[in-house]
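Hello,

Here is the structure we talked about handing over. Please open it and keep it beside this note as you read.

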Amino acid sequence: MTRTTKIHGLMLASAMTTLALMQPAMAVEAQTFVDRIAAVYKLGGYDIAFGPATLDGDTVTVDGATVTVAGMEGEPWKIDTELTFTGVADADDGGFTAEAMTVPDIDTEFSQDPVGRLTLTDISATDIYLPPEDKINTTALLEAVGSLTTGPLKITRNGADFLAIDAIEAVNEFTYDAEDALENIASTFSVSGIWADLTAMAAEDPQAGPVIEALGLQQIKGDINQSMTWGMKDGHLVVDQFLFDFADVGAIDFKADISGFTPAVLDKISALESASADATSEEAQAQQMMVGMELLQALTLTGSSIRYDDAGLAPKLLDMFAAQSGTDRAQFVEGLKAMAPQLIGQAGVKELTDLVVPAVNAFLDDPQSIEIAVKPASPTTLLVLSAAAANPAGLISAVGLAVNANQPAAE
């Protein structure tokens with residue numbers, strides 16, 4: 001019996017000693033993990049200072065953070081709550097992975113007069129990847145997070161609902177080549193169930209009030225949706241949709257098809273932005289110009305468009321401006337149509353006037369939709385297009401500029 005007790009005592013002492021020796025290592029690993037996050041996001045212009053980090057099993061808990069965004073003035077953004085990373089593990093390549101990061105629900109006041117309160121729930125990021133320290137680059141930043149989602153967001157002013165959002169969701173799907181290098185990203189982004197009540201603002205602002213009432217914007221509802229694909233090797237970026245759609249107001253949709261937008265080009269853009277702050281010498285300015293020319297040569301435009309579909313806002317705007325001018329809408333529209341050739345003609349490009357004026361007139365007569373699109377006959381580098389800008393009429397032809405009103409959206 002004595003011998004058994006001694007053996008158990010030795011085992012317990014050994015275990016306690018091992019645990020004590022492991023604690024500093026575990027703390028170092030937790031700190032290494034958050035330091036790696038800071039290093040990755042520094043490439044994106046975010047300077048993150050994390051609070052103390054601790055490791056418990058495969059969970060890293062961080063006591064808040066302070067975030068400073070490059071180029072933005074003002075106080076740093078302070079996160080005064082715990083950040084919890086679950087499913088943290090070493091990656092095969094020497095980096096880290098984490099299944100998810102969660103943040104406690106937010107409920108905070110942010111102003112005094114009027115009193116503003118913000119609540120935001122169910123905040124999480126999933127499929128987190130952090131590369132080894134010697135492989136931190138732009139590609140690593142792009143594949144750092146698989147999804148970022150939140151539940152409902154609500155903002156009140158003096159206790160009254162002011163702004164609400166049902167959910168925010170950003171999802172990235174990554175595909176890899178045979179060498180396990182990032183090949184493609186398919187991304188979607190949505191802000192769903194946007195609702196805002198502007199009646200309080202209308203009551204408080206003598207100038208904004210009549211405009212909000214005339215345009216029927218006391219309450220607005222809508223959604224924002226974006227989808228895109230991006231190939232890393234050739235930099236083929238296709239924005240299928242970037243849509244702002246609000247009921248009884250209208251929808252604006254942006255689309256683009258560009259090639260050559262590779263991670264290497266992103267690195268050059270970042271370097272160019274960094275150099276801009278110190279570009280005082282002639283040598284620095286010349287270097288800046290050279291990099292700018294390289295970027296123009298690297299990027300190729302296949303097509304792009306921006307389209308507005310009216311859902312009631314344009315007629316109300318015309319009625320409001322007509323009333324302010326002391327006339328009716330029909331007379332006001334005829335006045336605008338008479339002015340349009342003169343205003344556009346100030347550019348001194350007859351081809352532009354001939355292109356734009358008919359579309360503007362058609363939209364003013366019957367505000368349904370208006371679209372501006374560029375589509376060169378064949379994909380063309382931005383360098384070639386910038387050279388063509390010396391002859392504006394030639395540029396219109398080079399980019400395949402089209403302006404259409406009240407036409408069905410292209411498939």
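This is a predicted model: local features need pLDDT of at least 70, side-chain atom pairs count only at pLDDT 80 or more; totals for chains, interfaces and linings use all residues.

**Aromatic pairs**

Searching the whole structure gave 5 aromatic pairs. One of them joins F33 and F85, with ring centres 5.2 Å apart. The planes of F33 and F85 stand at 75 degrees, and the pair is edge-to-face. Over 60 degrees is what counts as edge-to-face.

Where do F33 and F85 lie? F33 belongs to helix α1, residues 2–42. F85 belongs to strand β4, residues 77–86. The pair therefore ties together parts that are 52 residues apart in sequence.

F242 is partly exposed, with a relative accessible area of 26%. F244 is partly exposed as well, at 34%.

**A charge over a ring**

R157 and F162 are worth a look in the viewer. The charged end of R157 sits over the ring of F162. The distance to the ring centre is 5.4 Å.

**Nonpolar surface patch**

F244 comes up again here. Together with I252, F254, I306 and I372, F244 makes a nonpolar surface patch of about 410 Å². Patch residues need over 30% relative accessible area. F244 has 34%, and I372 has 45%. I372 counts as partly exposed. I372 is found in strand β19, residues 369–374.

Which strand holds S190? S190 is in strand β14, which covers residues 182–197. S190 is buried, at 16% relative accessibility. That value falls under the 20% cut-off, which is why S190 counts as buried.

What does S190 touch, leaving out residues up to four places away in sequence? The contacts are A167, I168, E169, I224 and N225.

Best regards

How values were computed:
Residues are numbered from 1 along each chain as its sequence is written. Side-chain values use heavy atoms; hydrogens and water are left out. Rings of Phe, Tyr and Trp (its six-membered ring) pair if their centres lie within 6.5 Å; planes under 30 degrees apart count as stacked, over 60 as edge-to-face and the rest as tilted. Helices (H or I, at least four residues) and strands (E, at least two) are DSSP runs, numbered from the N terminus. Buried means under 20% relative accessible area, exposed over 50%, partly exposed in between (1.4 Å probe, protein chains only). A charge sits over a ring if NZ of Lys or CZ of Arg is within 6 Å of the ring centre and within 35 degrees of the ring normal. Contact means heavy atoms within 4.5 Å. Patches are made of residues with over 30% relative accessible area and no salt bridge: like charges are joined within 9 Å, nonpolar side chains (Val, Leu, Ile, Met, Phe, Trp, Tyr) within 5 Å. Accessible areas come from the Shrake-Rupley method with a 1.4 Å probe; for residues, only the protein chains shown count as cover. A salt bridge is a side-chain nitrogen of Lys or Arg within 4 Å of a carboxyl oxygen of Asp or Glu.
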